[in-house]
Amino acid sequence: MGYLEEMAKYQKTEKQKSFSADFLERQQIEDYEFWDEIEIGKETVIPFKFEVKAEDVIAYAEGVPDANPVFYDEEYAKKCGYDGLVAHPMFATQVLFFVLKKGHGSWIRTPGSRNPGQIIEWHDPIRVGDVLTVKTKSHDKWIKRGKYYMRYLSEMYDQNGKLKGRCFMTLVLPRSKADVLRFIKGEHALEA
Amino acid sequence: MAKRLTFEWVNCGDVLPEVKQHVSQEVIWKHAVASLDYNPVHTHPEWCKTAQVFGLPLPVMHGNQTMSLMATVITNWAFPVGGRLKRMEVKLIKPVPVGSSCTYGAAVTEKHPIGKRENFVVLDLWVMNQDGEKVAVGTAQVILP
């Protein structure tokens, strides 16, 4: 059984079943952004939205894995002082990968990228029923010890325009499209 | 009877209960499905043999899964009493390849009594692998009732 079939066994939610798991598919690379082409200061409201369903909240906690009942049991969460099911703090990862499929911010999917660490701020709890919109801005890029760093500031808003959270998304990326295409073929293409 | 966790009750130096996780390929695949991050460096063992993004021929755990488990140390501690995570900053130091076993910990370093429903503590966070090496460090701000 191939790796895609292995993962398909765990796909339960509507979003998981409809999302393409093949990040090496050649055609989608044409929609990506590459480190050496990205202009700093560009801001985009991402056209794809994320409607938060209970199954999304539960599935994220299962995948951490985190068995805390505040993520699974609405009545328990209310007894703890919340107004409903609680989303795991890192639930934003699912939201960002769902909406940043192509164009601005899509470099988070890049084969060959490395995660040096992240900064996340939470402003208001994500609730079941929220319809989330992501605004993203190319914030900074730099070279350090031969590595090419990319940082975007992504903000999540609900359907009422309320700020839910901010993520300073940072990765070390292959420098160019040519380097990403080498990774697609399974070759190593990092300078450091 | 155990004391209920409150901002008043917490002291600098308090150590939170640890979380432990063995990192199998299945654990990583489940996180890939949950997060929708299907990057082959995590999910595709054959590709990793030649691409060696981290200089290793093995898939590695998602950095954001490491961060999620660091957050779990906090949610286990503070969420049953209505606590809230306000900010987290993490530096990922070493890759966590398939087969690793990690321990996730935290300790209180600061108290900020700035007002009811806004009082928060600062935590130091760390992750150690099975060889006792730190693979991630960070800080978090947590609002407590």
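## Basis of the model

Residues are numbered from 1 along each chain as its sequence is written, and chains are lettered from A, with ligands numbered from 1, in the order in which they are written. Because the model is predicted, local features need pLDDT of at least 70 and side-chain atom pairs count only at pLDDT 80 or more, whereas totals for chains, interfaces and linings use all residues.

## Chain B and its sheet

Chain B holds 4 helices and 5 strands, where helices (H or I, at least four residues) and strands (E, at least two) are DSSP runs numbered from the N terminus. Along the sequence these elements follow the pattern β-α-α-α-α-β-β-β-β. Taken along the principal axes, the C-alpha atoms of chain B fill a box of roughly 55 × 30 × 30 Å. Of its 145 residues, 46% count as buried; a residue is buried if 20 or more other C-beta atoms lie within 10 Å of its own, exposed if 12 or fewer, and partly exposed in between, with C-beta atoms placed from the backbone.

Strand β3 (residues 101-112) of chain B pairs in the antiparallel sense with strand β1 (residues 19-22) of chain B over 4 bridges, and also in the antiparallel sense with strand β4 (residues 120-128) of chain B, over 9 bridges. Two strands are said to pair if DSSP finds at least two bridges between them.

## Where the chains meet

In the interface, 46 residues of chain A are in contact with 42 residues of chain B, two residues being in contact if their C-beta atoms, placed from the backbone, lie within 7 Å. The elements of chain A that give two or more residues to this side are α1 (3-8), α3 (54-63), α5 (92-99) and β3 (119-122). By class, the side of chain A that touches chain B has 24 nonpolar, 15 polar and 7 charged residues; here Ala, Val, Leu, Ile, Met, Phe, Trp, Tyr, Cys and Pro count as nonpolar, Asp, Glu, Lys and Arg as charged, and the others, Gly among them, as polar.

Strand pairing also crosses from one chain to the other, for 3 bridges join β3(A) to strand β2 (residues 84-92) of chain B, and these strands run antiparallel. Within this pairing, A:I119 has B:E89 as its bridge partner in β2(B).

Chain A is divided into domain 1 (23-52 + 89-192) and domain 2 (53-86), with bounds that come from an automatic or database domain assignment. The centres of domain 1 and domain 2 of chain A, taken over C-alpha atoms, are separated by 26 Å, and 7 residues of domain 1 are in contact with 8 residues of domain 2.

The largest nonpolar core has 93 residues, and those with the most contacts inside it are A:V57, A:V95, A:L96, B:M70, B:I74 and B:V142. A nonpolar core is a set of buried Ala, Val, Leu, Ile, Met, Phe, Trp, Tyr and Cys residues joined through C-beta atoms within 7 Å. Its largest share, 8 residues, comes from helix α4 (residues 63-78) of chain B. Because domain 1 (23-52 + 89-192) and domain 2 (53-86) of chain A both give residues to this core, it lies between them.

## Buried places in chain A

Helix α3(A) is mostly covered, with 7 of its 10 residues buried, among them A:V57, A:I58 and A:Y60. What covers these buried residues includes α2 (14-18) and α5 of chain A, together with α1 (25-35) of chain B.

A:L132, placed in strand β4 (residues 131-144) of chain A, counts as buried because it has 22 C-beta neighbours inside 10 Å. Leaving aside neighbours within four places in sequence, A:L132 is in contact with residues including A:F50, A:V95 and A:M156, and A:V95 in turn touches A:F50, A:L132, A:V134 and A:M156 on the same terms.

Most residues other than glycine have a negative phi, and most peptide bonds are trans. The peptide bond from A:V64 to A:P65 is cis, with omega near -5°, and A:P65 is found in the loop between α3 and α4 (74-79) of chain A.

A:R145, which is not a glycine, has a positive phi of about 45°, and this residue is exposed, with 6 other C-beta atoms within 10 Å. B:L36 likewise has a positive phi, near 65°, but B:L36 is buried, with 23 other C-beta atoms within 10 Å.
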